[in-house]
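The sequence and the structure come next.

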Amino acid sequence: MSLSFTYVQRERTLVFGAGSRQRLPEFVDQLGMRRIFLVADPNGEVLARSLVSQFADRVAVVWIDVRQHVPEDLAASARERATELHADGVITLGGGSATGLAKALALSHGIPIIALPTTYAGSEQTTIYGVTGNRHKQTGSNPVVLPRVSIYDAELTLDLPPSVTGASAFNALAHCVNGLYSTGANPVTTAISLEGVRAIRDSLPAVMASPRDIAARESLQFGAAMAGITLGDTSTGLHHKICHVLGGTFNLVHADAHSVVLPHSTDFNAAALPGEMKRLADVLGCQPRDVAASLWDLAKACGVPTSLAQLGLGRENLREVAARAAAEIKSNPRPATEEDLLVLLERAHAGTRPISA
């Protein structure tokens, strides 16, 4: 890897530790929030209200209409309400969907975000935003949507269902793996990516086996944060384009799509990435030829989805997914035609274990 590169350090604060949610008022004051737009997952409203109880007079609205992939009409409604209330800051409690809506508000109103993530997608560490309409997920990047403060309190994740925990962690793992070769990759992002892979590999099986293991959940949160930084500092590629089509066009759960597609997108690119596969193999504890299979094995061991059929996608839809994804891919380590992607998707649909090269 060339040592001629540029790395941009983003303006953000990461706070880790069980109980760290108690520092929320400190950062509200620091950012001068007086008219807060509080976004929470529907099942997190009670917790959200308790978190802001010390400064409830500053909370202009508690918004619990949160949907995956941030539909255009939802973003428009939230933005209209933020304008009416003269919102000057957003606090978000929840997963990637809650963070995604907060980003839509930050983009339109230029207001800061404080994020308290309860899943492992890592989107709170990226400048990437997305809004979905007409069966298409439109994404972009803007520094204004990057949360100024992210508070990682593992106690907020203890009741996360295993099915969400595992798939969400694979979403983060995909960011790390793809960050090794995406446009913008450099020695700094590579080090962050590999540390993220290591943390997720070490902690995810432990969390799935013992969901209330705080230490393991803290390690998994760290891995997710590293994954988000990786994605935010590099770019999306073939893997993410496929997952965006699966979510934006067919409304598949974003995290589930990642857990299914990751082994197969990695397998597709492996031959063109010998150095990257060697680095991943060293972290995963396998041979370079077995990286894709090792990712599939981890998914199986953790009980996350491994086939598109399992997610309810019909085989007759694979051609459309391949065509839409191929049209959006700007760069990839090897050529990726519609026919290439159709083969990849057929394997992902069947859920077959990648075969060692």
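The residues that line the largest cavity divide into one nonpolar, four polar and four charged, where Ala, Val, Leu, Ile, Met, Phe, Trp, Tyr, Cys and Pro count as nonpolar, Asp, Glu, Lys and Arg as charged, and the others, Gly among them, as polar. They are R135, H136, K137, H244, V245, G248, T249, R324 and E328. The term cavity is used here for a set of points, on a 1 Å grid over the protein atoms alone, where a 1.4 Å probe fits but cannot get out, whereas a pocket is an open set with protein on both sides within 12 Å along at least five of seven lines; in either case, lining residues have an atom within 4 Å of a point. Space in the largest cavity amounts to about 50 Å³, a volume being the space filled by probe spheres set on the points, with grid points joined across faces, edges and corners. Among the elements, β7, α8 and α12 (318-328) each supply at least two residues of this lining, and α8 gives the most, with four residues. Helices (H or I, at least four residues) and strands (E, at least two) are DSSP runs, numbered from the N terminus.

This is a predicted model, in which local features need pLDDT of at least 70 and side-chain atom pairs count only at pLDDT 80 or more, while totals for chains, interfaces and linings use all residues. Residues are numbered from 1 along each chain as its sequence is written, and side-chain values use heavy atoms, with hydrogens and water left out.

The structure holds two cavities of 30 Å³ or more. The second largest cavity, with about 30 Å³ of space, is lined by G94, G95, G96, T99, P117, T119, A121, G122, S123 and E124. By class, its lining has two nonpolar, seven polar and one charged residues.

Several of these names return at the largest pocket, where G94, G95, G96, S97 and T119 lie nearest the centre among 46 lining residues. The volume of the largest pocket is about 1100 Å³, and its lining has 16 nonpolar, 24 polar and six charged residues. At least two lining residues come from each of β4 (89-94), α4 (96-109), β6 (128-133), β7 (136-141), α5, α8 (238-250) and α9 (254-269), with the largest share, six residues, coming from α5.

The second largest pocket contains about 230 Å³ of space and is lined by 16 residues, of which I128, T139, G140, T236 and K241 lie nearest its centre. Its lining has two nonpolar, 11 polar and three charged residues. While β7, α7 and α8 each supply at least two residues of this lining, the largest share, six residues, comes from β7.

Which residues touch the most other members of the largest nonpolar core? In this set of 34 residues they are F170, L173, L280 and V291, a nonpolar core being a set of buried Ala, Val, Leu, Ile, Met, Phe, Trp, Tyr and Cys residues joined through side-chain atoms within 4.5 Å. Two or more residues of this core are given by each of α5 (162-179), α6 (187-209), α7 (214-233), α10 (274-284) and α11 (291-301), and α5 gives the most, with seven residues. Leaving aside neighbours within four places in sequence, F170 is in contact (heavy atoms within 4.5 Å) with L204, H258, S259, L262, L295, L298, A299 and V304. A second, separate core of 24 residues includes C243, L313, L345 and A348.

T127, in the loop between β5 (113-117) and β6, is buried, with a relative accessible area of 3%; buried means under 20% relative accessible area, exposed over 50%, and partly exposed in between (1.4 Å probe, protein chains only). Not counting residues up to four places away in sequence, T127 touches R10, G140, S141, N142, P143, V145, L146 and G232. The side chains of T127 and S141 are joined by a polar contact of 2.7 Å, that is, a pair of N or O atoms within 3.5 Å, of which, within protein, one must be able to donate a hydrogen and the other to accept it, residues adjacent in sequence counting only if both atoms are side-chain atoms.

H86, in the loop between α3 (72-85) and β4, has a positive phi of about 55° although it is not a glycine, and counts as exposed at 63% relative accessibility. N251, in the loop between α8 and α9, likewise has a positive phi, near 60°, in a residue other than glycine, and N251 is exposed, with a relative accessible area of 51%.
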